[in-house]
Amino acid sequence: MAAFSDRKTLITGIFVVVGIIFLLRLFQLQVADSTYKRFADNNALRKVVQYPARGLIYDRNHELLVYNKAAYDLLVIPRETGRFDTLAFAAMLDVPADLFTAELKKASAYSRYKPSVIVKQISHEKYASIQEQLYKMKGFYIQSRTLREYPRRIAAHALGYVGEVTQAMIDSNAYYQSGDYIGISGIEAAYEEELRGEKGVKYYMVDVHNRIQGSYLEGEMDTIARIGRNLTTTIDYRLQEYAEKLMQNKRGSVVAIEPSTGEVLALVNAPSYDPNLLVGRARGRNYSLLLSDPVKPLFNRALMAQYPPGSTFKMAQALVALEEGAITPQTRFHCAGGYSSGSFRVACHHNQSFEVVESIARSCNAYYVYAFRAILENPRYASIREAYDAWREYMLKFGFGRTLGSDLKNELKGMVPTSDYYQRYVFGTARWRALPIISLSIGQGELGITPFQLANYCAMLANRGYYYIPHIVREIEGREIPEKFRVRQESGISRSYFEPVIEGMEQVMTAGTGARSAIPGIAVCGKTGTAQNPHGADHSVFMAFAPRENPRIAVSVYVENGIWGATYAAPISSLVIEKYLNDTISSQRLWLEESMLKANLMNPSMIPVNDGDEE
Amino acid sequence: MATRNKLWANIDWITFFVFLLLALLGWINIYAAVYDDSHKSILDISQRYGKQMLWILAALVIGFAILIIESNFYVFFAWAFYGLTIFLLILVLFVGVEINGSKSWFIIGDFQIQPSEFAKFSTSLAVAKLMSGYNFRFGSPAGLLRVGVVILLPALLILLQPDTGSAIVFASFLLVLYREGLSGVVLFFAALTVVLFLLSLLVPNYLLLVILFLGALAAHYILNQRFRMVYMALGITSGMVLLVALADRITGAGLDPEVIVLGGMIPALAWFLFWISRHRIKRTMVIILVFVSSVAFTYSVDFVFNEILEKHHRDRINELLGIQSDPLGAGYNVNQSKIAIGSGGFLGKGFLRGTQTKYNFVPEQSTDFIFCTVGEEWGFAGSAVVIFLFIFLFIRLIILAERQRSAFSRIYGYSVAIILFFHFMVNIGMTIGLMPVIGIPLPFFSYGGSSLWAFTVLLFIFLRLDASRLDKLV
């Protein structure tokens, strides 16, 4: 086809001509004609973000726990500001003049065309008083925001707090932009997407004098803000408030769950703080104060403190032993003031033999050492290690050693060691034996259980073998709560084995270690415990549910350095239960309430001395 | 392994580097176009610029894969590619997902793909294969018919989606055919059609008749070099028209200017035909025939324009031609685009300092209107560099195409150069208000994986063919 090769000239010519036409046209548009530059100046667009109000948070009886109050951010577009008296303006805003000028400089450095926030969270009152003058300031704008307000000053850890997004959050989620608020902990964080709503954007055309000329493209590009969804929590604010009062001047936690649903009725951490401290302009300063406080008010003990469970662990051992056929309800073990094997000794204080029911009522350590040996040396399993693995499986089913999957952030796993752990650190190459790990049977040794897990375990006992994943939100406006909270979680223990265990727990309250905390007219099933504390006085532990039939509440209480379960944790539990079931404290127990309210364990001299026996 | 070594030495690295440069410039401008303060990293793959980086990397992998395949593969499987594309174009009409009113996309999971983008290279392969065959002759009507079907079939299927922009791209094959021996007359008539189409919309019909008449006289003079006849025709016709106009004035009938011109011209024409039939001047006969059919075409344009085109097409053409001006309506895009480019000045506002392309004044900033960002931030200087790069690439491709021994490679090379050129012309022409708004991407520049990969495949197959230009191809 060489014949037509001259035609390449025409084709190349077309390319060149089009290129030249384009260059001429571009020269005309960009260099010769200045009208387009003028158009561009008139083409300024102002983007105004519409921040939706965050959803409100209610307690289970629709009492308001969190609402919003208005606050105002002052924005500046440096290019648009005229001359003005910086000092007078700063004074009017109640901002130090040097800080104000520094912020202005920062804003100019960031962008001359785009708005920057220079004063944050001006209160509604302040804004009302300066509104008139502000209107005259060219280049300054007000953007309304909302701040959280907590009318009841309770449940700080459960509700969590809201703060500004960090750069890392902005990078990982395209929704957020600098200056946005986000839930950082508790419900605020867990339900961030529901609570925050959806930001909207309005575009306005403005002229060179920055006067709004109307909405841009007739609002076609605008998006409407959608306000956040309201949440109804499972918290009973009166119970929460009462429990917080009982825990004043103590360290520890109270967790109360409704066994039939898994709803968290109260989640108390002591010491706590007023959630209103972490709001608005004072947030940063207050946060660092709280963070450096030696009593750690920000620490969410209920979900994150991991203690050995002490004697409260015994019911779990009884249930596993029964289910595995290692014992029967009639099996008796003799306690001779403890258990000895060679030089190994577990102390106890009886001199008689027990069946399951009494072993719980009297909290016999020796019984559980025998029972645990029976579990580990069960002929069903080829080795102690295999038996241990089977045992650990039960512990996981009871909710120990793993997170429960609740809607609360920061849940910790706690610790139930794996057999690998013991292989590595205890047995090494040696053969597995029961004795070195026998203290697990009485809730000591390498165990870490959170108060939250303990309360859930208590709910599982109350339900005779299952629980619902504990959760703190009951209703999301216009949405269902996740399905998983309505699915029964099975413990793997036959229902019939619960009766002797629960009978034992009731006897704890009628004739055993918890008798002082019995509530007249209510069949409470409980168990005291002492959590060993290598750093000081042991912790007082108690768990209980009530009433015995159709239980309505399951509670776990930890009081740090309270030593005996019966001393602090049991009375506090019983008061919480009584308050929830009867709404008032009976007159013959007012002295107990009084002494709990007064008890102060923050002062080292008040901490009782540990003088020996186990519970 | 000798061939493999030769492969890398024989690749036209100049083309490759221009390609890479354009893709990187595109990436930087996409970054500037959708720049967002809170996602400053150009590598942030939650943003378009981060994604475009991934598309570019993938395009390089695709390009490499194409280069290491034997060149005969593309010759051998040309029809297979074409068949597969036709199948996909039919399939997309049934199972495609409608985006912006066109069923052009397959969506598989997170992945979107537009088969019409890949139709460009497969049709080029098919055209090259067909026309390089031994028994192919342009002269025969059968030959022309076959090429016509191969080109028009995918174009029609794309028109059904409907995606007019991508379908119009297939018009570029006309230039490829011209290079391979299609009569220049066809090209002339194609150009005439476009010009007439535009003129018939721009000027009143009576004026167009006058223009056509003067054009016919000019053509006659150029072909015959006889002044006498031109004077005669001019005199007679204008006399007739004046006569009709005078009659109109006297009777006060108030005739349309169009009727007056036609009333004068038709008798004059009749007289000419009579005169020519006696003198047997063949060339003049042709001129008159062209003139008459042009007039007929002019009248049919009104019909096509008002009855066949859709409203948004009419609006865009009207806007372009300045017949209807609505800066906030149909002309909004182009107007904003011109403002953005025009405000750039000689040296531009600087990287990331554009105001027009940031605030969504310009639509589709990162795809069809990406050139606005170049114009605004880099000014005339930067725009000129981009235009030089593109023109350089096209001319380079023509040079490469001409050095091929095999007709297949040459035809394919021309197809690549002209298809890329067509996109360049329409896309940039649109942003500077010289072309109607037709949504087709700027090659290698616009955001989007599908189009970038399709252009990469198109170009790299040619690079591969060129690298083995010394071998004997099937």
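This is a predicted model: local features need pLDDT of at least 70, side-chain atom pairs count only at pLDDT 80 or more; totals for chains, interfaces and linings use all residues.
How many residues lie between β19(A) and β20(A) in their hairpin, and which residue in the turn has a positive phi?

1. **The hairpin.** Six residues separate β19(A) from β20(A) in the hairpin that the two strands form. The turn residue to look at is A:Asn550, with a positive phi of about 50 degrees. The two strands run antiparallel and are joined by seven bridges, with β20(A) covering residues 553–559.

2. A handy landmark here is A:Gly529, which stands opposite A:Val541 in β19(A).

3. **How covered is β19(A)?** The strand spans residues 539–546, and eight of its eight residues are buried. Both faces are covered. On one side you will find A:His539, A:Val541, A:Met543 and A:Phe545.

4. **Chain A as a whole.** For context, chain A has 615 residues, of which 42% count as buried. The chain contains 21 helices and 20 strands. Taking contacts in chain A with a separation of 6 or more, 71% are between residues 24 or more positions apart.

5. **Where the chains meet.** Moving to the interface, 34 residues of chain A are in contact with 40 residues of chain B. On the chain B side, four helices each supply at least two residues: α9 (173–179), α16 (332–342), α17 (370–402) and α18 (407–431). The biggest contribution comes from α17(B), with 11 residues. By class, the side of chain B that touches chain A has 20 nonpolar, 14 polar and six charged residues.

6. The crossing of α17(B) past α18(B) is left-handed. Residues of α17(B) in this contact include B:Phe390, B:Phe394 and B:Leu397, while those of α18(B) include B:Leu420, B:Phe421 and B:Phe424. B:Glu402 in α17(B) and B:Arg410 in α18(B) take part too. The contact divides into 15 nonpolar, three polar and two charged residues.

7. **Another helix pair in chain B.** Helix α5 (residues 78–95) and helix α7 (residues 141–159) of chain B pack at an angle of about 20 degrees, and their axes are 9 Å apart. This makes α5(B) roughly parallel to α7(B). Here, too, the crossing is left-handed as α5(B) passes α7(B). From α5(B) come B:Thr85, B:Ile86, B:Leu89 and B:Ile90, and from α7(B) come B:Leu153, B:Pro154, B:Leu157 and B:Ile158. Seven of these contact residues are nonpolar and one is polar, with no charged residues.

Notes
Residues are numbered from 1 along each chain as its sequence is written. Chains are lettered from A and ligands numbered from 1 in the order in which they are written. A residue is buried if 20 or more other C-beta atoms lie within 10 Å of its own, exposed if 12 or fewer, and partly exposed in between; C-beta atoms are placed from the backbone. Two residues are in contact if their C-beta atoms, placed from the backbone, lie within 7 Å. Two strands pair if DSSP finds at least two bridges between them. Ala, Val, Leu, Ile, Met, Phe, Trp, Tyr, Cys and Pro count as nonpolar, Asp, Glu, Lys and Arg as charged, and the others, Gly among them, as polar. A crossing is left-handed if the near helix is turned anticlockwise from the far one by less than a right angle, and right-handed if clockwise. Axes are lines fitted to C-alpha atoms, for helices over the stretch in contact, and angles run from 0 to 180 degrees between N-to-C directions. Angles under 35 degrees count as roughly parallel, over 145 as roughly antiparallel, 65 to 115 as roughly perpendicular and the rest as oblique.
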